Amino acid sequence: MQNINHVSLAQLKKNWAWYFALGVTLNIIGTLAIIFAFVSTIFSVIYLGTSLVILGFFEGIQSVKLHQLSRFFLHLMLSILCITVGLYVIFYPAANAISLTLLLAIFFIISGILKIVFPLATKVPHAGWLALNGAFTLLLGILIFQQWPESGLWVLGMFVGIDMLFTGWNWIILSLAAKNLKIENVH
């Protein structure tokens, strides 16, 4: 087990520059996604629709390979559903972005309320942090909902951009730590 860990660490150290470049690239793309939130929102929705269409094609292929009639129809129906919904999402990305943003706002509001109420109803060691997280989640949901439907045209792209920024910084931090690793020869 220790040899596997040693090999993994050695590979991490050897390739630290690639991880650093990945982090910088994600930071650049994330920043652009935030600046051009409408474009990244539309792109994200089209990506989702395309993923559903591809999934639908694989479900269709799976249905043909099945020998039981009941399973064939299940996978065929799933295939038709995925392709139909995926194409609808692709052809109407702005409307779907607005709908998805409304669902996201409702999710944040309900999730925030639950994160505030749960620590009050039960004893948990991290009650304060959970309630604070809930308050921020609730506030975020309310802010998105207050600006809806306009928020539907930029929220998803901004969230994707923020996620890319955090992921990019994680890769940069990992790469710099990997660069400075001290690896002992273990045989």
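Predicted model: local features only at pLDDT ≥ 70, side-chain atom pairs only at ≥ 80, totals over all residues.
Me: How do you know that the span of helix H2 agrees with its residue count?
Reply: H2 covers residues 16-35, which is 20 residues. At 1.5 Å a residue they should span 28 Å. The end C-alpha atoms are 29 Å apart, so the span agrees.

Me: Why is Phe38 called partly exposed?
Reply: Buried means under 20% relative accessible area, and exposed means over 50%. Phe38 has 46% relative accessibility, so it counts as partly exposed. Phe38 lies in helix H3.

Me: What makes up the nonpolar patch on the surface?
Reply: Its members are Ile28, Leu32, Ile35, Phe36, Phe38 and Val39. Together they have about 610 Å² of accessible area. A patch member needs over 30% relative accessible area; Phe38, at 46%, therefore clears that cut-off.

Me: Which elements give two or more residues to the nonpolar patch?
Reply: H2 and H3 do. H2 gives the largest share, three residues.

Me: How do you know what span to expect of helix H6?
Reply: H6 (residues 127-146) has 20 residues. The expected span is 1.5 Å times one less than the number of residues. That gives 28 Å, and H6 reaches 28 Å from its first C-alpha to its last.

Me: What puts the buried residues of H6 on the same side?
Reply: H6 buries Leu130, Gly134, Thr137, Leu138, Gly141 and Ile144. They cover an arc of only 130 degrees around the axis, which puts them on the same side of H6. They pack against helix H5 (93-121) and helix H7 (155-179).

Me: Which exposed residues lie on the face of H6 turned away from its buried side?
Reply: Gly128, Trp129, Phe136 and Gln146.

Me: What is the omega of the cis peptide bond that joins Trp148 and Pro149?
Reply: Omega is about 15 degrees there. Most peptide bonds are trans. Pro149 sits in the loop between H6 and H7.

How values were computed:
Residues numbered from 1 in each chain as written. Heavy atoms only, no water. Helix = DSSP H or I, 4+ residues; strand = E, 2+ residues; numbered from the N terminus. Buried < 20%, exposed > 50% of the residue type's maximum accessible area, 1.4 Å probe, protein only. Arc of directions from axis to C-beta. Contact = heavy atoms within 4.5 Å. Patch = residues over 30% accessible without salt bridge, like charges linked within 9 Å, V, L, I, M, F, W, Y side chains within 5 Å. Areas by Shrake-Rupley, 256 points an atom, 1.4 Å probe, with all protein chains shown as cover. Salt bridge = Lys/Arg side-chain N within 4 Å of Asp/Glu carboxyl O.
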